[in-house]
Amino acid sequence: GFRYYVVGSCEFNSSKLNDIEYTESYYYNKLEYIRFSSSVGKYVGYTEHGIKNAERWNNGPEVISRRAEKERYCFRNVGNDVEAALTKS
């Protein structure tokens, strides 16, 4: 069968909250076809299907809710992630 999945992640390389980047990638059959990046602030398509969806999603309410994910998800969990990383090192 076919495989569809979404991966959301927070990436940070410093202790500054502005340096955190939230990304959400959509995959179909192991091929990433669209991605939201908080540093870009919109969806970017990588396939023909992804480009069409990116144009539609960037003009709808989807992009507004994704822009808030950095504050809602990343900022809330950054302390837990840093603590877990420090205890493993």
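Two strands pair if DSSP finds at least two bridges between them. Strands (E, at least two residues) and helices (H or I, at least four) are DSSP runs, numbered from the N terminus. This is a predicted model: local features need pLDDT of at least 70, side-chain atom pairs count only at pLDDT 80 or more, and totals for chains, interfaces and linings use all residues. Residues are numbered from 1 along each chain as its sequence is written, and side-chain values use heavy atoms, with hydrogens and water left out.

Start with the sheet. Four strands build it, in the order β1-β2-β3-β4. The sheet is open, and its pairing is antiparallel. At the edges stand β1 (4-11) and β4 (42-45). Each has a single partner strand, so one side of each is left without a neighbour in the sheet. On average, neighbouring strands are turned by 20 degrees against each other, direction ignored. Such angles are taken between N-to-C directions and run from 0 to 180 degrees; the axes are lines fitted to C-alpha atoms, for helices over the stretch in contact.

Look at β1 and β2 (residues 21-28). Eight bridges join these antiparallel strands.

Is E55 buried or exposed? Its relative accessible area is 52%, so E55 is exposed. Buried means under 20% relative accessible area, exposed over 50%, and partly exposed in between (1.4 Å probe, protein chains only). Y43 is twelve residues from E55 along the chain, and their C-alpha atoms are separated by 7.8 Å.

Now turn to the disulfide, a pair of cysteine sulfur atoms within 2.5 Å. The count is one. C10 is joined to C74, with S to S at 2.0 Å. The torsion about their S-S bond is about -90 degrees, so the disulfide is left-handed. The pair links distant parts of the chain: C10 sits in strand β1 and C74 in helix α3 (residues 69-88), 64 residues apart. C74 has 3% relative accessibility and therefore counts as buried.

Helix α3 also holds E69. E69 is buried, with a relative accessible area of 11%. Leaving aside residues up to four places away in sequence, E69 touches Y22 and C74.

Technical notes: Contact = heavy atoms within 4.5 Å.
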